Amino acid sequence: MKKMKVNPYNVNGDINYDKLISEFGIKPIDKNILKRIEAITGEIHPYLRRGIFFAHRDLEKVLDAYEKGEKFFLYTGTGPSGPIHLGHYSVWSFVKWLQDKFDVELWFQFTDDEKFLYKDMTYEEIQEWTKENMLDVIAMGFNPNKTHFLIDTKHAGIIYPEAIKVAKKITFSTLKSAFGFTDSNNIGSIFYTAMQTVPCFLPNILNNENKYCLIPMGVDQDPHFRISRDVVEKLGHKKPSIIHAKFMSPLTGVTGKSSSSNYDKTILMTDDAKTVAKKINKYSFSGGKDTIEEHREKGGNIEVDVACQWLKYFEHNDEKLSEIYDKYSKGELLSGEVKKILIDKINNELSEHQRRRMNAEGMIDRFIFKN
Ligand code: TRP
């Protein structure tokens, strides 16, 4: 078994989320929190029920304030160095749910600086991905009146003065131990954590407010904020709260993280229906038995079957999901049949997304934050 490694620049090995909770010092989302969310929103999102969003930092504080009538703002982001895939999409569809249910502002950061510094790509290539990624974020259906894009190099004028205040309070040795940096890292990459920290308090500076910030994100991003939450407080701002998502697995197996660096084995938001079917049929790891006879007799393994696991993201109805699991475990459903169910579900959502994406370009300007 490969040693587990989870940080913003490296996700490796078999991921044990319980271990991650104790290593990171984050808290599991418990029944009590779910109840409080349900009392406010009227429902528990399937990703909460199913433990896809599984942990948090200080989520109680955001809920305490909200119950007293005080709104928070949401903050999340993406690093534009490739196409958006279902892993991003699932996290953002939950962000959209939060925005709709709590009726709050969303600040969305595009870290073109980060990707330029970390990837072997030109500045121009990164700018192209920034635009492409913006189309997908808009296609998610976020409320244009309540969603504000920050693009690091374009909004540097408002971000940088705050970023230096953050940077001054973080040492290189702290970053070395959190991210495994060495002396050969470029100096921009060392500064970058400061840029990702700023949006968790910048809206308060701009609006002269003191709201809580809630950051929904993949758990790999936690080390940035583990470092900077204390710094933020020292600078006189509220510590941001965080809600952490597990990784959507790659098609090829239930461990690891979906990534856009291998286009073939992840499903991209721009894939057409045929491509989706082809990728899933070809690459999705099966928990089925070698022959139909054996499968009918012994049943399949839902834990390792990627199509079964991905259905947690796309079949929102609990009864239907457990019926599929039940039949698959008993051998009544074959791997190919589960794949077919998944393919149809995904293609439904993608065709909606792609329709909205076609109209997104004309909306970019509305979403970009104007001071
Ligand atoms: N660093 C993130 C990435 O590479 C992008 C990002 C910026 C982000 N700010 C964030 C992600 C806040 C989650 C929450 O994708």
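Which strands and helices each supply at least two residues of the lining of the largest pocket? They are strand S2 (10–12), S5, helix H5 (86–102), H6, H10 and S8. This is a predicted model, where local features need pLDDT of at least 70, side-chain atom pairs count only at pLDDT 80 or more, and totals for chains, interfaces and linings use all residues. Numbering runs from 1 along each chain as its sequence is written, and side-chain values use heavy atoms, with hydrogens and water left out.

View 1. Tyr 75 puts a polar side-chain atom 2.9 Å from a ligand nitrogen (a polar contact is a pair of N or O atoms within 3.5 Å). For Gln 109, the side-chain N or O atom is 3.0 Å from a nitrogen of the ligand, and for Gln 221 a polar side-chain atom lies 3.1 Å from one. The protein buries 91% of the 360 Å² that the ligand exposes when taken alone (Shrake-Rupley, 1.4 Å probe).

**View 2. The shell around the ligand.** There are 14 residues around the ligand, counted if a heavy atom lies within 4 Å. S5 (73–78) gives the most, with four residues (strands are DSSP E runs of at least two residues, helices H or I runs of at least four).

**View 3. The largest pocket.** The ligand sits here, meaning more than half of its atoms lie within 2 Å of the grid points. A pocket is an open set of points on a 1 Å grid where a 1.4 Å probe fits, with protein on both sides within 12 Å along at least five of seven lines; lining residues have an atom within 4 Å of a point. H5 gives the most to the lining, with five residues.

Key:
Polar contact = N/O pair within 3.5 Å; in protein donor to acceptor, adjacent residues only side chain to side chain.
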